[in-house]
Structure formats: structure tokens, C-alpha cells
Amino acid sequence: MIKKLLFRLSIACIAFCSLIDAKAQTINWAKDGNSYYQIANGEIISITLPKNDRKTIISRALLTPAGKANAIPVRSFQLSDDGTKALIYTNSKKVWRYDTRGDYWLADLTANKITQIGKDKPASSLMFAKLSPDGSKVAYVSKHNIYVENIDGTGSKALTTDGTERMINGTFDWVYEEEFDCRDGFRWSPDGKSIAYWQLDATKIKNFLMINNTDSIYPFTIPVEYPKVGENPSACKVGVVDVATAKTNWLKVPGDNIQHYIPRMQWVPNSNDIILQQLNREQNESIVFICNAATGSSKAVYTEKAKAWIDAQDEWKWLNDNKEFTIVSDKDGWNHLYRISLDGKKETLVTKGNYDVIDVKLIDVKNNLVYFLASPTNATQKYLFKTKLDGKGKLEQVTPSVLPGTHNYDISPNAAFARHSYNSSVVRYITEWMNFTTGNPFTMDGSITTQLAKQSATKNKVEFFKVTTEDGIEMDGWMKKPDNFNPDKKYPVLFYVYGEPAGATALDVDGAGTNHLYDGDMAKDGYIYISMDNRGAPVPKGSAWRKGIYKNIGVINIRDQAMAAKKLLATHAYMDKDRVAVWGWSGGGSSTLNLMFQFPEIYKTGIAIAAVGNQLTYDNVYQERYMGTPFPSKEAYIKGSPVTRAKNLKGNLLYIHGTGDDNVHYQNAEMLINELVKNGKVFQLMSYPNRTHSISEGEGTSKHLSLTYTKFLKENCPPGAR
């Protein structure tokens, strides 16, 4: 659900952007770490640090195919290890959320020529093309089969032939992509003689049929392979195909391949072994296997069990001449980095203390250091820290403490340079290039401190606060007060909520306190705007906080939000209890509905967008992860679903949904409508034909959504002081 949050909030533009910093583009570092590559003016250039010397690596002339007038527009590229060849990705098309299929060309810098790869395949059908380790071949996926050919475009060969619309080789089905962030589904072996790949058998996954009523006189259905709660997922297995013979050897991973997931897989460096993570259906048992590619045999080297859920691992990093790998786990109550020996007999805790590792940024083996983002004292912020990689060091903060807010770093592989980004509720997003060894910027005019001095005073006066509910739960939040605020007056309050484990909203980031869905200026119009993070929000407060919502979505998060709102209203006389509104999108739409239905005495007006009205309609990977499987009982799902308490609606409700939403199906809207109608509850509905979860497609859609949202809010929760 992280992807749907990003997709959605690119429209709503709420303060979630720091969870995954959309502006912090990953640097395409050269292997030595002293330079990086960039697409500039249609060419590929290298920039050597610290002097920023620029050199054209691939010119527009080389990017122009024979007989063509224009150069290929480069979407992305990858260089061979020796730097003599480049694989160019272009003409990209969307697959679900992202543009992951397109055309590929091989630029040979030595021969000064460019050749199309897979030219006999349909246009824009190639996915995840990759050069072999020796740079002699290219492998790619097309139409759910894996192919390999020489870099000159000859010798094309199918390595799999059983791929169909639902038998998927080398990539993934809808739910693996959406919930495990899986897209690229194959890996070259270190010796380049074989390829390991996922195969998903989605032939038994039922279609969810969306209906298009507007693009022709007769409506037609759009099928989406979608495993809902309680339905079996696709069968998943990993095979190793020999490039020479096109024969696949399947890894013998224990356990039913339908009732288990394999969200992560990669080769052990310089070996013929594969490491993979297997999660059980309920995602509360994780096993790391080392598998022999030749025999298919597998050995469990690390097992973890939890009362709640276990996340899919980040990419494993290798240490001690590939005899150890890293994992991140919160099994001791905090998210920490561990090193595990390849035989599974030794485990070393690297990061120690009552704090969460948010994101590992670099493992510097040479200097026995690991750099990571954390925030031990303020869960709304992020800073860079370091400690010894052998687990014997103390926690050291790298980010200057004089810059409070949210920081991110892209560090070069040799730990010599870094791109440092910084923003907060009062600092617009800025970046600097650093000499990472000294911690100093390259040039003073480009430093963060210099840029800060040039920024105009912010008008975004957001107040951060903590509120403790009657249940003893302390929550972080921000509040944006109206312009010309008078504490002796009463003002309407609008709460923005999300509330589920996929995202946090009360973060100290650029844009906090801003509601871009509102047509106008909320502070100028006289609204108090508030957002708070309840238990279950993915903030660095330890696993007890993050996973306390397990099997209680729609219950614990809702009570936390309501009790915090109740406390604020009781202790701030300038908040008008008769003008209290709440809104949210997706999981936040679900929270909005539940708040309106469960606590109608607090929330008088609600705007729910693309909400999951019935948790049993959502996909199995996400919902079963956080709610447990619905076997033998669906009670928790029913208890947490808005449709269960729709009969309690008392206030003003606007429900908004796109009929073409392949993520949270319009079915949710219709189930909710039925309950509201049955119980005589009057509400307003705005359906957007064929729009997806972002409700952004079509001329005028975003503006119309904003106008609809704003008009309803103003009419039912009037702005201004009283």
C-alpha cells in the first residue's frame, strides 16, 4: 500500500512525502564512487567530484539510430562493468503503477554504434533488460517469457516458453507488485551462465471485473487479476535456467508454494548459490534459505517468528568475503541491523539501543562503519547516524543537530561524497553536495546553510505538539492555525487522517500543514488544520507502537484518533466543537468513515475518498499481513470495516470514488451505499467514471475534485472565527 499512498498523495500532496522522499532522486554512481552519471540535454554524461567536471559518455549522435533524424529519448540506462557498453531504456509504457515496459537499445561505445535489442518483439514490450556480467549478452522479459540475445541483436533465444497472460516468468502479478514492491523478476548469475527467476502461476486467481460505461455505447468489462482476502495467492517458485540449454532447474524450497510468498531473491556473490526469503501466508514467519542452483537443494539459515507481521527484507548486503549477510529486524522491540553468518550459526547485533533504524544508507566495510537514518528522540524527523559495523561501537549522529527536520543522504560507494537533502515544516526542500569524509559542502554558495539564509521567511507556521489520550497513548501531531489567529475566538477544525501501517502523516517535512486538495487558503479562510499519527503508523517508536494495530485496523487506530481529538477539543477553547471535520484518502478514507460512524459525537463532517469500506474486499497480501488470515474467523475484519457501523452515521458525509479503481474497487462504495440507504442515512456521493485510485485521469478531474471537496467542507463546516 506504500505505492498507492505515493500515487494518491501526489494529488493530495500531504506531508507523507518524507516517508519516501520523492524529491531525493537516487544518484547513478560510478563504481569507484568518485563520479556519477546523468542524463542531460538528451545525452549521458559523467560528472566527476568534487570539481563537477562534466564529460559526455554517450552523445546524441551515438543515440541516433541509422536512418533516423532524432536521438532516442533516454528514460534510463545502465553501463557495463567495463564502461564500454550501455543499455538504453526508452519508449516506456505503464504496467499498473509504473512505466516498466518499453524498448531497449545497446550502445557500443567502442564500435560507436547502437543496436535495438529484441527488435523482433512487439514495441514497448520488453521489461527489465540487463547485461550479462561479461557484457556479451542481454536478457529481458517480453510477454511473460525470458529471452537472451547477443549485444549485436543476434542469436535471440527464448529461455522460457510457457509464459502466458497468467503464467508469469521474470516479473510479477498485480499483488506482488503492489504489496511486495516486486517488479524485476530475474537475476543473472555471477558467472553469466544462468539466470534465476520467479515464476508466478496466476491461472487460478479470479478476475475482478471493472465496468466501463462511457467509452462506447455498450459497456464493457476490464478484468484485473486480484486475490482478495481469504483467496489463495498465486503459486510462486524460483527457477534457474541454463542460458546454453534453456533448461530450468527449480529450487526445492520447503512448504506449499501457494501458502507461502517469496518476496526477495538474489545470488550470493561469486558463488553458485541463491539466497531467498520465504514468508508464510500470514507473514509472521520468515525463513532465509540458501539454495544451490545446480542441485536445487535448500538450507534454512535464518528463521524469525513474530506475533504480528514480518516485513519483506531489503536487499541483503554481504560482509566478511561474502561469509555474512545483513538483515533488518525488530525482533528485540526495535528495528535493528544484524549480521548473519552464511551457515546460520552466528548472529551479531550491529545497531544497539532503544531506537529504530529507519533506512540503511551505506555499509562502509573498509572503515568498519554503517550509516543509517534514525531519530531516537523525535519520531517526526530523520537524521543520519553511524556506528561500528562489528557491533562494538556507540551511536553517533552525523547530521548537524542545528538543522532540525528531515534529512536524507545518497552516499557514494566509497563513502567519499554524498548528496544531502534537507527539509522541514519551515524549510523548503534543499540539497547540497558534500565531501563525506570531512562533512563539508563542495562550495559555500551551494551549501545548505547558505541556501537557508537565502530562503524567505516561511508563512507555513506549523506547530508540532504531543497529546496524551485518556488511554495513556501519547501521539505526535501538527497544527496549522488560521491567519490572524485570536485565541478568544472559536474556529472550525479539520483533521487529516491516514491511520494504517502503510504511512505516516504527522511528519516534520516541507508541506506539513498544507492541504492541496483545498481550493484556496485554509489558514486565510479561518480553519485549524491538524494531523496526528496513531499506533500502527510506521514511525520510529519501536515495534510495540508500529505493530500494536495488528488485527485491529479500524478499531485501535480509530480510537487513538478520536480520543486525541477529544482531548484537543477539551483543552483548547478556541476549537469549535460544533465545527469538526475529518478527511482522508484510501486507508485514510476508511479511517474517516470509521471515525464518522464510531464517534459521531466528535466528528460532524467527513470527506472519505477511495475508501476501503469492507476489508474483506481488499487484496490478501496487504490485509492479511496486518489483520491475520480470515481463517477460521472473519470477526476482526467485520469489526474493523466501516460498512459494519454505517448505520450510526449522524453527520454530513461526502463519499468520493473512481469507478475504474483497480486498487480499492468501486465495489466498496456500492456496499457502503447499500448500508447507508438501508438505514435511511442521507449523504452525498461523487463518482468519477473510469478514474483510478488517484482520481487524476481526464480533463478537469483534479480541479473538479478540489472544487467538490472545498464546497462540501465550507457548506457543512463553515470557515472563520466566531
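What is the volume of the second largest pocket? I started there, keeping in mind that this is a predicted model. The answer came out at about 600 Å³ for the second largest pocket.

**Pocket entry.** I listed the lining next and got 24 residues, with V95, W96, R101, H144 and E165 lying nearest the centre of the second largest pocket. By type, I sorted that lining into 9 nonpolar, 7 polar and 8 charged residues. Then I asked myself which element gives the largest share of the lining. It is β17, with 3 residues. I also noted that β6 (85-95), α2 (174-180) and β17 (220-225) each put at least two residues into the lining of this pocket.

**Helix α6 entry.** I checked the length of α6, residues 556-571. With 16 residues at 1.5 Å a residue, the helix should span 22 Å, and I found its end C-alpha atoms 22 Å apart, so the two agree. I then looked for its buried residues, and they are I556, N557, I558, D560, Q561, A562, M563, A564, A565, L568 and L569. What covers them? I noted strands β36 (462-468), β37 (474-480), β38 (491-496), β39 (528-533) and β40 (575-585), along with helix α7 (587-598), among the elements over the buried residues of α6.

**N408 entry.** I found N408 in strand β32, which runs over residues 406-411. Is N408 buried or exposed? I put N408 down as buried because its relative accessibility is 12%, and the cut-off for buried is under 20%. Last, I looked at its side chain: the side chain of N408 makes a polar contact with the side chain of K361, at 3.1 Å.

Key
Residues are numbered from 1 along each chain as its sequence is written. This is a predicted model: local features need pLDDT of at least 70, side-chain atom pairs count only at pLDDT 80 or more; totals for chains, interfaces and linings use all residues. Side-chain values use heavy atoms; hydrogens and water are left out. Helices (H or I, at least four residues) and strands (E, at least two) are DSSP runs, numbered from the N terminus. The expected span of a helix is 1.5 Å times one less than its number of residues. Buried means under 20% relative accessible area, exposed over 50%, partly exposed in between (1.4 Å probe, protein chains only). Contact means heavy atoms within 4.5 Å. On a 1 Å grid over the protein atoms alone, a cavity is a set of points where a 1.4 Å probe fits but cannot get out, and a pocket is an open set with protein on both sides within 12 Å along at least five of seven lines; lining residues have an atom within 4 Å of a point. Grid points are joined across faces, edges and corners, and a volume is the space filled by probe spheres set on the points. Ala, Val, Leu, Ile, Met, Phe, Trp, Tyr, Cys and Pro count as nonpolar, Asp, Glu, Lys and Arg as charged, and the others, Gly among them, as polar. A polar contact is a pair of N or O atoms within 3.5 Å; within protein, one must be able to donate a hydrogen and the other to accept it, and residues adjacent in sequence count only if both atoms are side-chain atoms.
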